[in-house]
Amino acid sequence: MDKIKVLHLFSSNTVGGAEKQTLLTALSLKQLSSKFEPIVAAPKESFLYRQAAAGNVKTKDFTCRGSFTPSGIFSLIKIIKEENISILHVHQGKLYWTALLMKLFFKNIKVILHRRQDTRHKWYAAGHYKIADKTLTVSKAVRDGLIKYEKVPKNKVQVLYNAFDFEKFSKQVNPNDVNDVIKKYNLENKIVIGTVAAIVSLEGKGQQYLMEAAAHLRKDYPDIAVLIVGDGAGRHAQEEYAKELGVSDIVKFAGQQKDVVKFLKVMDIFCLLSCDTEGFGNVNLEAQSQKIPVITTTVGGNPETIVNGITGILIEPRNTKSLIFAIRKILSDKRTARNFSQAGYDFVRKTFSKEIFVKNLTKIYEDVLND
């Protein structure tokens, strides 16, 4: 029996979380689904296209600069005809209307939109959710925002947590690479509190408050160090703020890193201190997969990425006092730290595995086709 073909759309050359999740979706379906065949449509020179092809997923060259770009519309029509596509799974907002237009040309085509950010569309754009057969969100927080602010019908929106590539993050990291990080940033015999996040401003994703906490904690923990992995327009402001706080000697800026695992390996506590929005907080899963206790904020989908008091600690955003208290709790109680570490590892493995993801996604595809 021929498999039902699902076309995954993404017209971008960038390498970000959404592209990586789209790739993991396609690779997981290819590996684990006996009913659905993934095909990736993306620019031929893009990371997504190249990596999908390397994983033996069928790929189609596809570029679309905007929702109603004629070349993109005609290209998509051609791909659907050639491949006999049954479902369009759209992973990029600018392609929502392009995909929905296909309903004018193909009577039985189903369109699924995927939302990974908790942000608002302008009034004239939100209508696509009512036309789509289903909208998937990476967290309950994103789902609830769509229902509340963009009036998406409840029966048309469903949570699908990201898949987590446990195999990739469970691979043995070369100890020499970890030692190189320790030596480069002078972290020998240090208590390392770390974060991995973009630095868009002084506040960033809470790096400001992590530095403030370090300034306070170093009095009682003279061996403390802060490792900030990430980059962006706010990095210089954060570096200057570290000097102002008197912690520039213990705050290490590592910049953007392709391989974050070796940086996670040197951390004793991981923090994702999002202040405004956070669709899901996938890096919290990455940290827990390395058996690192997590402190994260109640923003967006973050509360869904840990079990508060079991695998880590939830705090309010922009609250340095609460952050200090949480760090002290973990550092002062080794049993709690060990329990968090093991429970976090188990939580990620049981909740976000590729097998569970594919099972849930397959059920969604079946329901959409039968609706």
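**Reading a predicted fold**

User: What about the residues: how many count as buried?

Analyst: Buried means under 20% relative accessible area. By that cut-off, 54% of the 371 residues in the protein chain are buried.

User: How many helices and strands are there?

Analyst: Look for 15 helices and 13 strands in the protein chain. The C-alpha trace spans about 70 × 40 × 35 Å along its principal axes.

User: Which contacts tie residues 24 or more positions apart?

Analyst: Start from contacts with a separation of 6 or more. Residues 24 or more positions apart account for 67% of them.

User: How many positive and negative side chains does the protein chain have?

Analyst: There are 55 positive and 38 negative side chains. The centres of the two sets lie 4 Å apart.

User: Which residues of the largest nonpolar core touch the most other members?

Analyst: A nonpolar core joins buried residues through side-chain atoms within 4.5 Å. The largest one here has 35 residues. V196, L227, L264, V266, M267 and F270 touch the most other members. A second, separate core holds 33 residues, including L210, A213, V247 and I324.

User: What does L264 contact, leaving aside its neighbours within four places in sequence?

Analyst: L264 is in contact with V196, F270, E286, A287, Q290 and I292.

User: Which residues of helix α2 are buried?

Analyst: First the general idea. An α-helix has 3.6 residues a turn, so residues three or four places apart point the same way. Now the case. Helix α2 covers residues 47-54, and F47, L48, Y49 and A52 are buried in this helix. The buried residues of α2 pack against α1 (17-32), β2 (36-42) and β3 (58-61). After α2 comes N56, with a positive phi near 65°.

User: Is helix α9 mostly covered or mostly uncovered?

Analyst: Helix α9 (residues 207-217) is mostly covered, with ten of its eleven residues buried. Among the buried ones are Q207, Y209, E212 and L217. The cover includes β8, β9, α10 (235-245), β10 (251-255), β11 and α13 (320-332).

User: Is T98 buried or exposed?

Analyst: T98 is buried, with a relative accessible area of 0%. This residue is found in helix α4 (residues 96-100). Beyond residues up to four places away in sequence, T98 touches C64, G66, S67, F68, I73 and L76.

User: And T22: buried or exposed?

Analyst: T22 lies in helix α1. T22 is buried, and its relative accessible area is 0%. Not counting residues up to four places away in sequence, T22 touches H8, F10, L48, H91 and R116. L48 is also one of the buried residues of α2.

User: What is the relative accessible area of Q342?

Analyst: The value is 35%, and Q342 is partly exposed. Q342 lies in helix α14. Q342 and A225 are 117 residues apart in sequence, and 23 Å apart in space, C-alpha to C-alpha.

Key. Residues are numbered from 1 along each chain as its sequence is written. This is a predicted model: local features need pLDDT of at least 70, side-chain atom pairs count only at pLDDT 80 or more; totals for chains, interfaces and linings use all residues. Side-chain values use heavy atoms; hydrogens and water are left out. Helices (H or I, at least four residues) and strands (E, at least two) are DSSP runs, numbered from the N terminus. Buried means under 20% relative accessible area, exposed over 50%, partly exposed in between (1.4 Å probe, protein chains only). Contact means heavy atoms within 4.5 Å. Lys and Arg count as positive and Asp and Glu as negative; His and the chain ends are not counted. The place of a charge is taken as NZ of Lys, CZ of Arg, CG of Asp or CD of Glu.
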